[in-house]
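Please look over the sequence and the 3D view before reading on.

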Amino acid sequence: GCLGVAFLSEWSHFVAAYMLWSLGTSMLSPALNAYAADIAPKENTGSALALSRQAQDLVFFLAPPSLGLLLDVHPGPAAMACTAGVTMLGGLLFRLRAREVVGGCLKEDSTSKR
């Protein structure tokens, strides 16, 4: 969705990409919070959720001025493309490093090299 917002110029396609991006964003936060709660020790669940929220707040604080500066230096879709790239990189790293949680416990996989 974010890449579509960056590069689409037709209104209906832009709206569809923006809605897709919004849907993905709305699903991301609860999923990350659930994962953090599942992998944290029971006595640190609150701290894990707070850390997740602090990281989100830090991004919401730093991203707008950083992307605005990028937009000043490189007009056009650069800021949105950068956002899409960082999001995809984060998703890929999460996919490569995260362990599966089954029934509230980390699943041990002897074939995994993680």
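## Helix 2

Helix 2 has 29 residues, which at 1.5 Å a residue should span 42 Å, and the 42 Å between its end C-alpha atoms therefore agrees with that expectation. This helix runs over residues 11–39. Its buried residues are Ala17, Tyr35 and Ala36.

## The model and its confidence

The model is predicted. Mean pLDDT for the protein is 77, with 80% of the residues at 70 or more. Confidence is highest in helix 3, at a mean of 86, and lowest in strand 2 (residues 105–106), where the mean is 56.

Over residues 110–114 the pLDDT stays under 50, and for these residues the model has five contacts beyond four places in sequence. Where pLDDT is low, the predicted coordinates should not be read in detail.

## Overall layout

The protein contains four helices and two strands. Along the sequence they follow the pattern α-α-α-α-β-β. The protein has 114 residues, and 12% of them count as buried.

Among contacts in the protein with a separation of 6 or more, 40% are between residues 24 or more positions apart.

Which residues does Gln56 contact, leaving aside its neighbours within four places in sequence? They are Ser29 and Asn33. Gln56 itself lies in helix 3. Gln56 and Ser29 are 27 residues apart along the chain, and their C-alpha atoms are separated by 8.8 Å.

## The largest pocket

Rolling a probe the size of a water molecule over the atoms shows where empty space is left. In this model, the largest pocket holds about 1,400 Å³ of space. Its lining is made up of 36 residues, and those nearest the pocket centre are Thr25, Leu28, Val59, Thr83 and Thr87.

Which helix gives the most to the lining of the largest pocket? Helix 3 does, with 13 residues. At least two lining residues come from each of helix 1 (2–7), helix 2 (11–39), helix 3 (45–73) and helix 4 (78–97). Sorted by class, the lining has 24 nonpolar and 12 polar residues, and no charged ones.

Conventions. Residues are numbered from 1 along each chain as its sequence is written. This is a predicted model: local features need pLDDT of at least 70, side-chain atom pairs count only at pLDDT 80 or more; totals for chains, interfaces and linings use all residues. Side-chain values use heavy atoms; hydrogens and water are left out. On a 1 Å grid over the protein atoms alone, a cavity is a set of points where a 1.4 Å probe fits but cannot get out, and a pocket is an open set with protein on both sides within 12 Å along at least five of seven lines; lining residues have an atom within 4 Å of a point. Grid points are joined across faces, edges and corners, and a volume is the space filled by probe spheres set on the points. Ala, Val, Leu, Ile, Met, Phe, Trp, Tyr, Cys and Pro count as nonpolar, Asp, Glu, Lys and Arg as charged, and the others, Gly among them, as polar. The expected span of a helix is 1.5 Å times one less than its number of residues. Buried means under 20% relative accessible area, exposed over 50%, partly exposed in between (1.4 Å probe, protein chains only). pLDDT is the predictor's confidence in each residue, from 0 to 100. Contact means heavy atoms within 4.5 Å.
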